[in-house]
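Trainee: I'd like to learn how to read a structure step by step. Could you take me through this one?

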Amino acid sequence: MAKSPFGKEMKKGVLKRVLRQLKGYMPWVVATMLLAIVTVAGNLAVPVFFGQIIDLIIDGKPFNPQIFGLFTVIGAVIAVTCLAQWLMSAINNRITYNVVKDMRQEAFARLQILPLKFIDGRPYGDVVSRIIGDVEQFADGLLMGFTQLFTGVLTIIGTLVIMLLINWIIALVVFVVTPLSLFVAKFIASRTYSMFKKASEARGEQTAFIDEMIGNLKVVQAFSREDENLDKFDEINERLTKVSLKSIFFSSLVNPSTRFINSVVYAMVALAGALTLVLEMQAPMLVPSVVFSAGLLTTLLSYANQYTKPFNEISGVVTELQNAVACAGRIYEIIDEPCEVPDSPSAETLEMAEGDVELKGVYFSYSADKKLIEDLNVRARPGQRIAIVGPTGCGKTTLINLLMRFYDPDGGTISVDGKNISGLTRHSLRSNYGMVLQDTWLKCGTVRENICMGKPDASESEVVEAAKAAHAHNFIMQLPQGYDTVIGEDGGSLSQGQKQLLCITRIMLSIPPILILDEATSHIDVRTEKRIQDAFAKLMAGRTSFIVAHRLSTIREADLILVMKDGKIVEQGTHKELLALGGFYNKLYNSQFAG
Amino acid sequence: MRKLLKYLTHYKLQTVAAPLFKLLEACFELFVPIVVAAIIDNGIKGGKGVEYIICACLILVALGVVGLIAAVAAQYFAARAAVGFSKELRHDLFKKLQSLSFSQIDNLGTARMVTRMTSDVNQLQSGVNLVLRLFMRSPFIVLGAMIMSFVLSPLAGGVVAASIAVLCAVIFTIMLVSIPLYKKAQGKLDGVTSATRETLTGARVLRAFCKEREETESFNARNTALKKSQLFVGGVSALMNPLTYAVVNATIIILLYVGAIQVRDGLLTQGAVIALYNYMSQILVELIKLANLIITITKSFACAGRISEILEMQPSLSSGKPSEEHEGAYIQFKNVCVNYNGGAVNALDNVSFTAEKGQTIGIIGGTGAGKTTLVNTIPHFYDVSAGEILIDGVNVNAIGDEKLRAECGIVPQNAVLFEGTLRDNIKWGKKDATDDEIAEALKAAQAEDVVASKSGGLDERVEQGGKNFSGGQRQRLTIARALVRKPEILILDDSASALDYATDANLRQSIKALPYKPTVFIVSQRTSSIRHADKIIVLDDGKTVGVGKHEELLKSCPLYREIHHSQYPEEVV
């Protein structure tokens, strides 16, 4: 396996962290190790006793009281071994599931403080699959590693030691064949690793293609692309089939190969054992100190059987553990992602703000090579209504990201009531804003829970009043359980418009001092919208508000209109002033009425 | 499941060969204890000497070699059959999914379709592989070992049979108890998954409302509940190994005791006792394998059921006879009703209108008024439940979907692009489009500057879903994609919503100036986008409440007036 030294270093680091993760469970780890020793000892002792019984039987002494004594001992050993084995599994489960829980919790907590840049910058599916899938795989690997690696190694060592004690010649024979078994397992594992990688790449490619085409099946059908897609699909499918045949076949060779080596070992033990026995009978002086018997031979044979089994398992465990380490690495990537600059200890809490918002010389861009906002200056005085207009991609939504401190500016300052927002706690800053976005998001839960998000202790009448103001009450009452209707993930069966109404209700209930309305009514039909506008107008009275809209009609009454283009404010003023200016705004506005 | 077996027909040889070779391997394994017994009885006790022993050991090795060859062959055939099976299944499934109608797509949902195609098929593939390899082998060895025991000693055989019964009871009880528990744990895992997804999709809102702590707490609660149920089911299934171990060893004790008596009475040789002991060990190993196999098979059966469900779906779009021709306008809607899934309310209710060639038809109305449904019936994406739609006098269900859709240029509401170059994407509209044709379409769609802004021009890579383009850019590119085929019928389903007014206006003008004069359907929420249409259809809850030109509707249609004035209060007459 060709691996860069860097990769190895990283792997080591990950392994260290996995061990650190286990620290809190040290007593359990010690317990499981002790239990593993008991289990292995029991497993190894039983064939010894059976061998002795067989010797007694061969000697023709079936009712020797010694046999019954041995039966009792074996029964006790089996009972203890079973109990130890079960306890060990139970403890291993406890350790693994707790570690999994810890890791998920840690990763999830991290998500809460990671900058939005991180969340915006990668597919949700990727993060989810790390926290769910990778952690799960990691758990499986860890569990297998725990149960099988440790007991496997113990069994191998124990078997060798007992074999040595029984007959060192036979033990030596087994010992010599050992590396062969390891070598074969390793050889196959390393071959299959690269094939598995290729197979999973091909599978990934196919999944991406399926995701894209099935996800947009309606467009595919509209353009009658079914045949082309099927051809492309078949091409990927063919490749996937080839590589997965190889990876499945080669990985399935491990078992027969080790089984074959097992049978060779078995034959050798039988040969060496039988020869020793014959020699013993024919010329006892040649094998002086060793007392060998058919019973001991059976014991040895059953060891020879048991002995290669852990090799089989360990070879499986190695791939499993490799995989687990890779998964752990992906989880740690999230946990290690630099989080937002935390609120400084001296950060002030912003109480009910007056609403004096000022941006001074603000610079911002999402990526260094693409400038967006440059030297932006805006002053919103308390109670003013600020409208932001401009073509798509001019930076309107970015401005909101900056105001809410979802992103920090690269330069310049933003202040509320004269206080630089970087010196305020994020929570207190955000509590002063009420936000309705174009992208309507609702959490999984009841309608009421969603409405009460900004004011968890709201009374029933407050909730209903807010819903009525947002014109959401009627449709809520038509839902099966009214305010207690559970809405599924991302709004479930509600229409875009209904979701937006609930988002507006959310704000109507908590009414913070500064409002941000980003295309707040884009999904609502015009009749309802008109009524909501009235409610908004009431809401905005006396509150500083920022409004983003395509429909210029909704912003005509603003105190200040900022016309943005390519991240800069190109014009600002009232509607009348801007029209009179005859510039960009004038053009935009008139295009509404152009053919 | 049975229906899916046909995907193995191309791999008949492999499907039969794999288990056969496995049986062969198992046979050789069953001989091993007999040979060992012979070594002890004849070689050592019988005094047949060193040569006999060496011979016997060579036979053991030979058995191993033949077993290895058989096993490798079996693994190969099994892998071939399983991989081939899933390849053909995936092909058919993909084909089937592509042929589903819009209402079937709506019903199934993307997530389900993708899961069927990926994880379900994969699960089934490993199921097939495992069944071919083990399903014959494990029962055969268990049975074989039992029969061999009977041959050695009927009494001992009885003991072995009884112990197999007990083992099966233990294994199945544990499985019966733990499978539903696993399902429950799986359900809790789904809860944790959706909590994770939610915190990502709702990051802005959650942070705006300072809900980080509550989110973490509720996640931790779900996570702990998941851990608890996993621990419980883990504890139950952890019983499996110790219990089987105990039963097998108890059986060995009984066997040895019974054997001892029979050896004393001369009914059994010492070697045979050892052979019995060995058979018991083999049974233990195989039963554990079988238990794992059954779990995989149960899972595979569930997957197979889900896949069959899709494969058995019938095409739901009707097709009529092409012979019936009618007189009249180019496109005619005659009392069209559309009903989704037998709902109580029609999505379109008794809609009638006509459109002449080259006309522009505007469609307006509130959310859920049926605008998208209306335009989706023209390319026959949905069947009408009553009435008929005629194009050039022929019912849309009689034209042939492919031919009909080739004449339509459709710009869907959701502006989606596909992975590939910009050129590839535009070529969706016309496979053999030249760069000149593409440039023409881009110009008409106001998308020239989108291409110009990208360093790669037409060769610029488009990421999956078109993520590297803004919403407005995507909309213009999807319009170009529809225009490049110079469609007879152009359908714009709210496709300018992300465009600013100036661009929107330019777009409408350039569409009007298209030399091939398509019949255009424009769905919009804004009156500005449709006010110059030749005919405007105003929809409300699936019904037409007004048909006519802008000025007429302003006078005659209260809903239209309301919509318009909510956008342009200054123009109140």
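Trainee: What share of the contacts in chain B with a separation of 6 or more comes from residues 24 or more positions apart?

Mentor: Two residues are in contact if their C-beta atoms, placed from the backbone, lie within 7 Å. In chain B, 77% of the contacts with a separation of 6 or more come from residues 24 or more positions apart. For chain A that figure is 80%. Before we go on, keep in mind that this is a predicted model, where local features need pLDDT of at least 70 and side-chain atom pairs count only at pLDDT 80 or more, while totals for chains, interfaces and linings use all residues. As for names, residues are numbered from 1 along each chain as its sequence is written, and chains are lettered from A and ligands numbered from 1 in the order in which they are written.

Trainee: How many helices and strands does chain B have?

Mentor: Helices (H or I, at least four residues) and strands (E, at least two) are DSSP runs, numbered from the N terminus. Chain B has 20 helices and twelve strands. Its radius of gyration, taken over C-alpha atoms, is 36 Å, well over the 25 Å that the globule rule (2.2 Å times the number of residues to the power 0.38) gives for 573 residues, so chain B is more spread out than a compact globule. Its C-alpha atoms fill a box of roughly 120 × 55 × 50 Å along the principal axes.

Trainee: And what do the helices, strands and radius of gyration of chain A come to?

Mentor: Chain A has 19 helices and twelve strands. Along the principal axes, the C-alpha trace of chain A spans about 125 × 55 × 50 Å.

Trainee: Which domains does the assignment give for chain A?

Mentor: Domain bounds come from an automatic or database domain assignment. Here that assignment gives domain 1 (14-335) and domain 2 (357-593) in chain A. Their C-alpha centres lie 57 Å apart.

Trainee: How many residues of chain B are in contact with chain A?

Mentor: 123 residues of chain B are in contact with 119 residues of chain A. Helix α2 (residues 49-98) of chain B gives the most to the chain B side, with 25 residues. That side divides into 63 nonpolar, 41 polar and 19 charged residues. In this count, Ala, Val, Leu, Ile, Met, Phe, Trp, Tyr, Cys and Pro are nonpolar, Asp, Glu, Lys and Arg are charged, and the others, Gly among them, are polar.

Trainee: Now for sheets. What is the strand order in the open sheet of four strands in chain A?

Mentor: Strands of a sheet pair through backbone hydrogen bonds, either parallel or antiparallel. Two strands count as paired if DSSP finds at least two bridges between them. This open sheet runs β2-β1-β4-β5 in chain A, with antiparallel pairing. The edge strands are β2 (373-380) and β5 (419-420) of chain A, and each pairs on one side only. Five bridges join β1 (residues 357-364) of chain A to β2(A), with A:F364 partnered by A:I373. β1(A) and β4(A) also pair over five bridges, and there A:K360 has A:T413 as its bridge partner. Then β4(A) and β5(A) form a hairpin with two residues between them, and A:D417 in the turn has a positive phi of about 50°.

Trainee: Is strand β9 of chain A enclosed or open, and why?

Mentor: A residue is buried if 20 or more other C-beta atoms lie within 10 Å of its own, exposed if 12 or fewer, and partly exposed in between; C-beta atoms are placed from the backbone. Four of the five residues of β9 (residues 514-518) of chain A are buried, so the strand is largely enclosed by the rest of the structure. Four bridges join β9(A) in parallel to β6 (residues 433-436) of chain A, where A:M435 stands opposite A:I516. Five bridges join β9(A) to β10 (residues 544-548) of chain A, also in parallel.

Trainee: Where is A:G567 found?

Mentor: A:G567 is in the loop between β11 (560-565) and β12 (568-573) of chain A. A:G567 is buried, with 21 other C-beta atoms within 10 Å. Leaving out residues up to four places away in sequence, A:G567 touches several others, including A:K371, A:I373 and A:C394.
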